[in-house]
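Have the structure open while you read.

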Amino acid sequence: METDLLIIGGGAAGTVAALLLADAGKRCVILEKNGQIGRKLRITGKGRCNLTNACDLDTLLTNVPRNPKFLYSAFTRCMPQDVMQFFELLGVPLKIERGNRVFPVSDKAEDIVAALQRALKQAKVPVYRETVTKLLLTDGNCNGVQTASGKQYFAKQVLLATGGASYPATGSTGDGYALAKQAGHTIVPPKPALVPLEVQEKWCAELMGLSLRNVSLRLYNGKKCLYEALGEMLFTHFGVSGPLVLTASSLLPDAIPKDGSCQLVLNLKPGLTPEQLDRRIQRDCAAHPNQAMGTIFRGLLPLKLVPVFLETVSVPPETKANALTREQRSTLVKGLQAFPLHVTARRSLKEAIVTRGGVSVKEVQAKTMASKLCSGLYFAGELLDVDAYTGGFNLQIAFSTASCVADAIQATETCFVPSSAYHAE
């Protein structure tokens, strides 16, 4: 079989590139080892699909901790507003939530996948269930692939959009790294990004499932504060997770110190100053002088957290309100606004939302996503050594890099709008 473009991987980047090029009259074929597109898309945003982030260019770039300059051209080519228009024209109404995060109105990632499936069918882009094992290379050119079934597919260009190595159950098993290596590309070792963290504190297991909202989190490596933000986090059986923790994980040093100097410091009451907190505790104690602190603090913290907190700051929960000393009160205030957790490890790639590492961007043209080493070979999405924080930024990278590939292959600027031929009716 011969076509204009072979797309290896039917995820966000691969499907959008196919639709843009099919709209421009190019013949595209998607080879997807799962047989169906968008398997990982279905679980993004806890099944709601945080499609993009309705922000400006500067915000996009500041939310990419790794190689943001490489993505400048891609982002200017395809912005979040373009992505939103694209999917709304495919029949998926969208909404913007806190932090400019964009979701389907239905809160169903399946609606995004279904819209892409409809559009591919209407654009007559075939999706074949194939596992690609080899690039067909001739004199520095990539002109096709060979699959595990023994078939060969030929094309003028090949796009690798296989994803990274996170959530391997969805098919992201790092296949693209081996293919890129065949063309001579350097692979920056894949590591988990946006991943839950393990901590020293064993009591986290007692709080498993407890979610804290509107708390402030600071990440320290020694005395240096690497990150600070307000938001939501979650306790697990091994440590902590949730949006704040996932973002902090992307800023951890590659080698986490074993001496406990890498800490997450929580402010459990960020809306109050130390003076206001002190007055609040005094007021509660005065109102209930015979109650124990274990009861008093139920008005300040979630029930499950109260005994753990009091034990950690060394204030016995049975301490009566009328017996609380000034020093103990000061300890409580400090504990509420600087509650430490000592990071020991990241969880594995199996639990990471995205992969850090991948095809070295030094060997890829930023404006076209074309290989600098092999003619006819392109890259898009998570396979590249770029990753972003939570909030829709990683999917935006997928769409923007796909748009660059589409522009390059048809040697003109595409309109990032689906053809009227497959608009939703």
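**Notes on salt bridges and cores**

1. Let's start with Arg-27, which counts as partly exposed at 45% relative accessibility. Keep in mind that this is a predicted model. The side chain of Arg-27 meets that of Asp-4 in a salt bridge, with 3.6 Å from N to O. Asp-4 sits in strand S1 (residues 2–8), while Arg-27 is in the loop between helix H1 (12–23) and strand S2 (28–31), so the pair, 23 residues apart, links distant parts of the chain. On the Asp-4 side things are buried, since its relative accessible area is 9% and the cut-off for buried is under 20%.

2. Next, look at Lys-191 and Asp-254, whose side chains form a salt bridge at 3.8 Å, N to O. Lys-191 belongs to strand S10 (residues 187–193) and Asp-254 to the loop between helix H8 (243–249) and strand S15 (262–267), so this pair ties together parts that are 63 residues apart in sequence. Lys-191 is partly exposed, at 34% relative accessible area. Asp-254 is exposed, with 53%.

3. Arg-280 is partly exposed, with a relative accessible area of 22%, whereas Asp-284 counts as buried at 16%.

4. Which residues are linked in a network of salt bridges? Take a look at Arg-48, Lys-95, Glu-97 and Asp-107, which are joined in this way. For the whole model, the count comes to 19 salt bridges.

5. Now for the inside. The largest nonpolar core has 89 residues, and Phe-87, Leu-116 and Leu-160 are the ones with the most contacts inside it. Helix H13 (residues 393–410) gives the most to this core, contributing 10 residues.

6. Leaving aside residues up to four places away in sequence, Phe-87 touches Leu-51, Val-92, Leu-94, Ile-112, Leu-116 and Phe-399. Leu-116, one of these partners, is itself among the residues with the most contacts in the core.

7. There is another core to look at. Lying apart from the largest one, it has 46 residues, including Val-240, Cys-262, Phe-309 and Phe-339.

Notes. Residues are numbered from 1 along each chain as its sequence is written. This is a predicted model: local features need pLDDT of at least 70, side-chain atom pairs count only at pLDDT 80 or more; totals for chains, interfaces and linings use all residues. Side-chain values use heavy atoms; hydrogens and water are left out. A nonpolar core is a set of buried Ala, Val, Leu, Ile, Met, Phe, Trp, Tyr and Cys residues joined through side-chain atoms within 4.5 Å. Buried means under 20% relative accessible area, exposed over 50%, partly exposed in between (1.4 Å probe, protein chains only). Helices (H or I, at least four residues) and strands (E, at least two) are DSSP runs, numbered from the N terminus. Contact means heavy atoms within 4.5 Å. A salt bridge is a side-chain nitrogen of Lys or Arg within 4 Å of a carboxyl oxygen of Asp or Glu.
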